[in-house]
Amino acid sequence: MAVPVLHLNLAPRPTLWRQHHRVLGWAALGLGGAFLLGSLGLTWRVYHQASRAGRDAVSLTEETRRAARSEAQIQAALQGMDATREQARWKLAERILQERSLPWSRVTAELEQCMAPGMRLKSLQRTRGNGQQVVMKLKAEAQSRVAEAAFVDALRTAPVFSEVILERESERQGGGWDFELSVPAAAVPPPFELRPVKTGPAATAPAASPKPAAAPPHPAPAPAAPGAARLTPPPIAPATPLAPGDKAGAQTRPMPAPTDDEESRPRRGSRLSRRPPR
């Protein structure tokens, strides 16, 4: 009787790791190395940021100490300062600051160009706003709403003023309007420019030139008779105007021109009036 043959395979079944264990091993080793390097890089970055934050904290602490010392010195100086003695210097510094930013000459020139017929300014005050901005306080009166509107429109178009704020407006009993304006000036006023003045048709018409006074008419001399001697009359002097203190009766009148009969008639006592003896 023959012995049966048994086919036995004692080797384990093939798996992915058994088939590719070398490739998978190197891949795992590379991934672990990359993770390690990334961890080292992040650790170094965090350490560097922490070191810089520590240095900043130290510098800020030192600056805080210096600021505290300066504040203590300033408080000590303020406690020993005499406000009444320093008030004059403060006012002078504020005045210099206002004059440098917007002088009175510029303000008056701009307001003069914005003035409208039928209105006038009652008071003018210059103050400082929240952001050290120059603010003009105007009190004015106008005969009509048209004059007030023209003045406000002119202020709005002026480049030196940033805006126009109407604070109060009231009508007077006798007619007209009283109003108050707050006009903040521009931070950097532009150069001054002379604008053309708007006038009415009556103001633009040329003034009539005075006509010279007409000379008094002189009567034309009549033609003399033939053969008669003609005497030339003396020149007539022009009439002299009266002074304020002269009397009315002292006015000089020009002599009338002689007529033809008087010229042809011989005068008494002259040679023409003597007749020859018969």
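**A walk through the predicted model**

Met81 sits in the loop between α2 (21-79) and α3 (83-101). Helices here are DSSP runs of H or I with at least four residues, strands are runs of E with at least two, and both are numbered from the N terminus. This is a predicted model, in which local features need pLDDT of at least 70 and side-chain atom pairs count only at pLDDT 80 or more, while totals for chains, interfaces and linings use all residues. Residues are numbered from 1 along each chain as its sequence is written, and side-chain values use heavy atoms, with hydrogens and water left out.

Met81 has a relative accessible area of 36% and is therefore partly exposed; buried means under 20%, exposed over 50%, and partly exposed in between, with a 1.4 Å probe and protein chains only. Together with Ile74, Leu78 and Trp90, Met81 forms a nonpolar patch on the surface, with about 430 Å² of accessible area for the four together. Patches take residues with over 30% relative accessible area and no salt bridge; like charges are joined within 9 Å, and nonpolar side chains (Val, Leu, Ile, Met, Phe, Trp, Tyr) within 5 Å. The areas come from the Shrake-Rupley method with a 1.4 Å probe, and for residues only the protein chains shown count as cover.

The protein as a whole contains 7 helices and 4 strands. Along the sequence they follow the pattern α-α-α-α-β-β-α-β-β-α-α. Of its 278 residues, 15% count as buried. The accessible surface comes to about 23600 Å², and 60% of that belongs to carbon and sulfur atoms. Among contacts with a separation of 6 or more, 56% are between residues 24 or more positions apart, a contact being heavy atoms within 4.5 Å.

Helix α4 has a set of buried residues: Arg106, Val107, Ala109, Glu110, Leu111 and Cys114. What do the buried residues of α4 pack against? They pack against β1, β2 and α5 (145-157). Trp104 also belongs to α4, but its relative accessible area is 33%, so Trp104 is partly exposed. The C-alpha atoms of Trp104 and Arg126 are separated by 9.2 Å, and the two residues are 22 residues apart along the chain.

Charged pairs come next. Side chains of opposite charge can pair when their charged atoms come close. A salt bridge is counted when a side-chain nitrogen of Lys or Arg lies within 4 Å of a carboxyl oxygen of Asp or Glu; the count comes to 8 salt bridges. One of them joins Arg106 and Glu110, at 3.0 Å from N to O. Both residues lie in helix α4 (residues 104-114), 4 residues apart, which is about one turn of the helix. Arg106 and Glu110 are both buried.

Glu141 forms a salt bridge with Arg120, with the closest N and O atoms 2.3 Å apart. This pair links distant parts of the chain, Glu141 being in strand β2 (residues 134-142) and Arg120 in strand β1 (residues 119-128), 21 residues apart. Are the two partners buried or partly exposed? Glu141 is buried because its relative accessible area is 12%, whereas Arg120 counts as partly exposed because its value is 47%. Arg120 and Glu141 also belong to a network of salt bridges that includes Arg172 and Asp178.

A further salt bridge connects Lys137 and Glu167, the closest N and O atoms being 3.0 Å apart. Here too the pair links distant parts of the chain: Lys137 is in strand β2 and Glu167 in strand β3 (residues 165-171), 30 residues apart. Lys137, at 29% relative accessibility, is partly exposed, and Glu167 is partly exposed at 45%.

Ser182 brings in strand β4 (residues 177-184). At 3% relative accessibility, Ser182 counts as buried. Its side chain makes a polar contact of 3.0 Å with the side chain of Lys137. A polar contact is a pair of N or O atoms within 3.5 Å; within protein, one must be able to donate a hydrogen and the other to accept it, and residues adjacent in sequence count only if both atoms are side-chain atoms. Leaving aside residues up to four places away in sequence, Ser182 touches Val135, Met136, Lys137, Glu163, Val164, Ile165 and Glu167.

Confidence comes last. The average pLDDT, the predictor's confidence in each residue from 0 to 100, is 74 for the protein, and 67% of the residues score at least 70. Over residues 200-215 the pLDDT is below 50, and this stretch has 1 contact in the model beyond near neighbours in sequence. Residues 223-232 also stay under 50, with 12 contacts beyond four places in sequence. Where pLDDT is low, the predicted coordinates should not be read in detail.
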